[in-house]
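Work through the exercises below with the sequence and the coordinates at hand. Each task is followed by a solution in steps.

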Amino acid sequence: LAMRPADIAIVCSSFAAAQVKSPFLVDLVSPVILEKAPTFNTVEWLLLLRSYATLGPNKMFFSAVTNYLKVDELEQGQLDEALGFTQQLTKEAGDNLAPLE
């Protein structure tokens, strides 16, 4: 996919806002997110966290967000939001979010 990080975040956010759970979308964009992870900014990560909290957990996404989201750049409200979405994802995934090898 030749998409910018903002494009990916908006597509995922649109699916989540429409409450369309698409395992195909998650499987399609997660490797792209992992590949482009260093280029996402804080707002894009928050949009993706919110989206995946609706779309469902994914190991590749979880690996990317835990390695590349710069928590120290978040304001308190953003940090609270990110923690809430992360807790929701980990609770939903259970043991399925073990770190990638």
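**Salt bridges and a helix pair**

With a relative accessibility of 56%, Arg-4 counts as exposed, because the cut-off for exposed is over 50%. The model is a predicted one.

**Exercise 1.** Find the salt-bridge partner of Arg-4 and classify its accessibility.

Step 1. Arg-4 pairs with Asp-7, and their closest N and O atoms lie 2.9 Å apart. This falls under the limit of 4 Å for a salt bridge.
Step 2. Asp-7 has 24% relative accessibility and therefore counts as partly exposed.

**Exercise 2.** Determine how many salt bridges there are in total, and describe the one formed by Glu-81.

Step 1. The count is two.
Step 2. Glu-81 bridges to Arg-50, with 2.1 Å between the closest N and O atoms.
Step 3. Glu-81 belongs to helix α5 (residues 76-93) and Arg-50 to helix α3, so the pair ties together parts 31 residues apart in sequence.
Step 4. Glu-81, at 24% relative accessibility, is partly exposed; Arg-50, at 35%, is also partly exposed.

**Exercise 3.** Describe the packing of α3 and α4 by axis distance, angle, handedness and contact residues.

Step 1. The axes of α3 (residues 42-55) and α4 (residues 59-68) come within 11 Å and cross at roughly 145°.
Step 2. The crossing is left-handed.
Step 3. On α3 the contact uses Trp-45, Leu-48, Leu-49 and Tyr-52, and on α4 Phe-61, Ala-64, Val-65 and Tyr-68.
Step 4. Sorted by class, the contact residues give eight nonpolar, no polar and no charged.

Notes: Residues numbered from 1 in each chain as written. Predicted model: local features only at pLDDT ≥ 70, side-chain atom pairs only at ≥ 80, totals over all residues. Heavy atoms only, no water. Axes fitted to C-alpha atoms, helices over the stretch in contact; angles between N-to-C directions. Helix = DSSP H or I, 4+ residues; strand = E, 2+ residues; numbered from the N terminus. Left-handed = near helix turned anticlockwise from the far one by under 90°. Contact = heavy atoms within 4.5 Å. Nonpolar A, V, L, I, M, F, W, Y, C, P; charged D, E, K, R; others polar. Salt bridge = Lys/Arg side-chain N within 4 Å of Asp/Glu carboxyl O. Buried < 20%, exposed > 50% of the residue type's maximum accessible area, 1.4 Å probe, protein only.
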